[in-house]
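Here are my notes on this model, as numbered points. Please read them with the structure open.

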Amino acid sequence: MYKKFDAKIDALLAKMSLHDKIGQLNQPCTPLPHQVEQFKEWIRKGEIGSILMAVGATAGNDPQGAIDVDFYNELQRIAVEESPAGIPMIFGRDVIHGHRTVFPIPLAMAASFDFDLVEQSYVDVAREAANETVHWTFTPMLDLSRDPRWGRIIEGPGEDPLVGACMAKAVVKGCQGEDVSHKDRMVACAKHYIGYGAAEGGRDYHRTEISNYSLYNYYLPAFRAAAEAGVGTYMSSFNEINGQPVTSSKFYLTDVLRGQLGFEGFVVSDYGCVEQLIKQGVTDDRGEASSMAIEAGLDMDMYDFCYIENLEEQVKNGRIPESVIDTAVRRVLRLKMAKGLFEDPYCKPEKFDRNVHLAHAREMAANSMVLLKNDGVLPLKKDMNIGLIGPFINERRSLLGSWTVDGKAEETPTLLEAMTEAVEGKGKIHANVGISLDKDFTFRMADRGDVVVLALGESWARTGENKAVSDITITEDQKSLFKKVKATGKKMVGVFFCGRPIAMEGIAEYFDAILYAWHSGSETTHAVCDVLFGDVVPSGRLPVTMPRLATHIPLYYNVTPSGRPCNCYYGENPGNCYVDSYPTPYYPFGYGLSYTKFVYNDIINCANPEVSLADLEAGKTFKLSIEVANAGDYDAKELVQLYIHDPVAKMMRPMRELKAFEKTFIKKGETALVEFELGYKDLGYYTAEGDYTVEPGKIEVFIGENCLTERMTEIVIK
Ligand code: GLC
């Protein structure tokens, strides 16, 4: 992939001192005003290869100043004109789900199951960020997570490997395009490699225990897809796996990532990971930590200056050969050349119409929202009297979600503003305009409405990095609010602005309709109105399980069967799971409603239910199809989902595995024939040694509206 640069890199390396080389592997944060002159000196000495465009460790949680392009161009000029090797720096920033135009949090985008739309979103994101000198973004975050207590579940693709793989491809392609050197593109970064989302108790940064079997079949697929999509970089993760820090693991960073996935770009550490090896207890010395990390395959050191301060001595005292440094520098230079930085190191901002991006953000948001419940009260009519209450009716900042570094809350319409605009003077919005929960005034507002819309949710500040929570719920005052409104006897529509899934027992029962609006970015509230008033028919589906109680976590759909007759996820003797509660999902993976009614034919057609293993390996596929009718009153999109279960294999296989899905538009009154092909790559699994294997035998194929569908046919691999 980067062969064309190697001759030029060889020539550069030949001219570079060891110090120059190590400088390429050093990535400090943007300097604070009082550090600028020292920073410029470091650049002049060739000691800075990249800048993390952030002033804090958790950029997504801390307000970041607007990017001063002239400032970065000046720093770049010093690197190009005044440093010994004259190598341009690569600027990286956490452009996670938007730049100035903020798109839904990634978990919400995953809920759209529309990865063409996701890719389009990141085309816009890249255009805005690259136009402000961001060469490289630290996204996609691909950490599979089964624990919504973990604050960073909002940044990832949820609990399914296939969704993770689709997200990886969409984001990498959206950011990098076919030629990442284009001025509107930026290098992507698959993070956090690997297993970060398995933190025990959902407690951020905590230890993980991941068998190789689980690694290859659950956690690695998204990262494998990123490599296949040509992602330029990976970011190593803070966590340990089974007692070994990823940061110093040759197995994960070299044997698997490069040896098995064939990755040829570079790996940047997460914030301070190299020095953290000391706290993790595998060394007591920064020099040794640096050597351990770089020989494991960790190419660039973010933030802690370990490499620049120690590696030269580590080479000179023989701890590591200079060839290890050369390998890391080669990888970094490959990406700088691929990005075109040698030809065009400076940013020349252009003006463009951001309204196109806002329109895309609105479409992405509306397609991400999940209708969890509806007794028919939705869609609303624009001439209705609507009581609009709750702490989120005037909310702006939380709608943008965590990891919003360049979005502007003040530009984000509130739900009250959007609904007032939407009813266009025909209807009436009775709102408790104060943000206080003045209960009496609130209820008067509720009472004036034909229907009550409650704007509830969780603060963005309870989500993201270092924001694990022990209870996945909404605040007690919100609960007391909806319980009191219930007493009015009015129809209640809940709009939930949450980042993570919440425990729905004791909440959902009170509502006649629930729209899960997530934290959906700059256009959240316009999109909510589009859905509430039926201009957009909801089509989002859950990429994560919505549990009844937080104490039922972890609870995920792709679980292996038990030898005992109790599988709570699928409702088999749930009483055997706990004696005091039923840990079946409140809303299962893949679940979501529409305003119309889809009817699946009971029969799954398969023209060729038997295929030999040899034919599969040669590329033959099982061809399956099903008729789905739109029997309701709205043209709409249905996510037709295909799951498999391998009932007998050498290793235990999950009871359901999502293997394909089609988001299908079906006009009201019409029937669609939805077709799927299952091939070799869909029907096997990875052994604990990382070998992909497909076994002969029967495979159960389920097709339906979510993971609990019982509609099944059998195919046979002969
Ligand atoms: C943070 C996050 C990582 C982010 C990096 C740079 O600690 O873990 O996702 O990209 O540091 O801000």
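1. Six strands make an open sheet, S11-S16-S15-S14-S12-S13, with mixed pairing. Strands are DSSP E runs of at least two residues, helices are H or I runs of at least four, and both are numbered from the N terminus. Two strands count as paired if DSSP finds at least two bridges between them. The edges are S11 (370–374) and S13 (428–431); each has a single partner strand, so one side of each lacks a neighbour in the sheet. From one strand to the next, the twist averages 20°.

2. Basis of the notes. This is a predicted model: local features need pLDDT of at least 70, side-chain atom pairs count only at pLDDT 80 or more, and totals for chains, interfaces and linings use all residues. Residues are numbered from 1 along each chain as its sequence is written, and side-chain values use heavy atoms, with hydrogens and water left out.

3. S12 (residues 385–389) and S14 (residues 451–457) run parallel and are joined by four bridges. Ile386 has Val451 in S14 as its bridge partner. Helix H20 (residues 524–532) packs on this sheet and touches S14, S15 (491–497) and S16 (513–516). Contact here means heavy atoms within 4.5 Å. The direction of H20 makes about 145° with that of S15. Such angles run from 0 to 180 degrees between N-to-C directions, with axes fitted to C-alpha atoms, for helices over the stretch in contact.

4. The three-stranded sheet. A further open sheet has the order S5-S6-S9 and parallel pairing. S5 (189–193) and S9 (266–268) are its edge strands, each with a single partner, so one side of each has no neighbour in the sheet. Neighbouring strands are turned by 25° against each other on average, direction ignored. Three bridges link S5 to S6 (residues 233–236) in the parallel sense. Cys189 stands opposite Thr233 in S6.

5. How do the axes of H7 and H9 cross? The axes of H7 (residues 161–176) and H9 (residues 221–228) come within 7 Å and cross at roughly 25°. H7 and H9 are therefore roughly parallel to each other; angles under 35 degrees count as such, over 145 as roughly antiparallel, 65 to 115 as roughly perpendicular and the rest as oblique. From H7, Pro161, Gly164, Ala165, Ala168 and Lys169 meet Pro221, Ala222, Ala225, Ala226 and Glu228 of H9. By class, that contact has seven nonpolar, one polar and two charged residues. Nonpolar covers Ala, Val, Leu, Ile, Met, Phe, Trp, Tyr, Cys and Pro; charged covers Asp, Glu, Lys and Arg; the others, Gly among them, are polar.

6. Domains. The protein is divided into domain 1 (3–338), domain 2 (358–552) and domain 3 (596–717). These bounds come from an automatic or database domain assignment. The C-alpha centres of domain 2 and domain 3 lie 34 Å apart. Their contact takes six residues from domain 2 and eight residues from domain 3.

7. Backbone points to check. Thr139 to Pro140 is a cis peptide bond, with omega near 15°. Pro140 sits in the loop between S4 (136–137) and H7. Leu378 and Pro379 are also joined by a cis bond, omega about 0°, and Pro379 lies in the loop between S11 and S12. Glu424 has a positive phi, near 50°, in the loop between H17 (415–422) and S13.
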